[in-house]
Amino acid sequence: MVNIKSVFKSYNNKKVIDDVSLTIEKGKITSFIGPNGAGKSTLISMVSRLITQDEGSIHIEGSDVKSVKDQDMAKKISILKQSNVMNVKLTIRELVSFGRFPHTQGRLKDEDWKKVDEAISYMELENMEHKYLDQLSGGQRQRAYIAMVLAQDTEYILLDEPLNNLDMRHSVQIMQTLRRLVDELGKTIVIVIHDINFASCYSDEIVALKDGRIVKHGPTCDVIDECVLKDIYDMDISIKNIDDQKICVYF
């Protein structure tokens, strides 16, 4: 599990994470929701060690992330940030193979290529795997980057707004794939997501943030609540039960 204790982070003397303590359980999808500027991306970046906290501690499986070697960290946690730019000419297959680097240092074996093939298949990219990234739509590129993260085959997968640029079909595909990774392979997934209905339908737990602090954390059914959502988003959001799912209506 991931243990976050009394974490602070400031930029230009402005607190963006303000005394956050949180435990992320293994084998679940945990979604971070909240308005822009709530601190969701900052928090997930600190867990992955892309940035360091000013105060407090973050432990994964009992180890302080600050003390874990880079290669060991990359075998334990993979992360996909919001913006991904590659300035080299790569095919989808070449990009996805980069996910194996922590395990192979660039010398892929048959079992590594099998992981690459599986990730490409998960994202339904087989018919375009030899296309170059600059030939793809934004949604296709996003799926390719997610495939690279899947090929890394880590126990913990952190995704910062992975549904950006995706149409409805592929957004559902991504969320269904994440659900399968948890249910079938026991992965632990943490996702920053703006669509609260995707969070409601696919998450085991939700962390709701606002102004750098946790407003509510718990099982999805406890957070997808009209009073909680009004506190988070400062607007009235009606909740309907459809096919045993809590669907938020805010149009």
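Student: What makes helix 5, helix 6 and helix 7 the elements behind the lining of the second largest pocket?

Tutor: Helix 5 (110–122), helix 6 (138–152) and helix 7 (168–185) each supply at least two residues of that lining. Helices here are DSSP runs of H or I, at least four residues, strands are runs of E, at least two, and both are numbered from the N terminus. Helix 5 gives the most, with four residues. Mind that this is a predicted model: local features need pLDDT of at least 70, side-chain atom pairs count only at pLDDT 80 or more, and totals for chains, interfaces and linings use all residues. Residues are numbered from 1 along each chain as its sequence is written, and side-chain values use heavy atoms, leaving out hydrogens and water.

Student: How do you know that Tyr122 belongs to the lining of the second largest pocket?

Tutor: A lining residue has an atom within 4 Å of a point of the pocket, which is an open set on a 1 Å grid over the protein atoms alone, where a 1.4 Å probe fits, with protein on both sides within 12 Å along at least five of seven lines. Tyr122 is listed among the lining residues, as are Lys115 and Leu185, so it meets that definition.

Student: Why are strand 1 and strand 4 called paired?

Tutor: Pairing takes at least two bridges found by DSSP. Five bridges join strand 1 (residues 2–11) to strand 4 (residues 55–60), so the two strands pair. They run antiparallel, and phenylalanine 8 stands opposite glutamate 55 in strand 4.

Student: What is the strand order of the open sheet?

Tutor: The order is 2-1-4-5, with antiparallel pairing. Strand 2 (14–24) and strand 5 (63–64) are the edge strands, each pairing on one side only.
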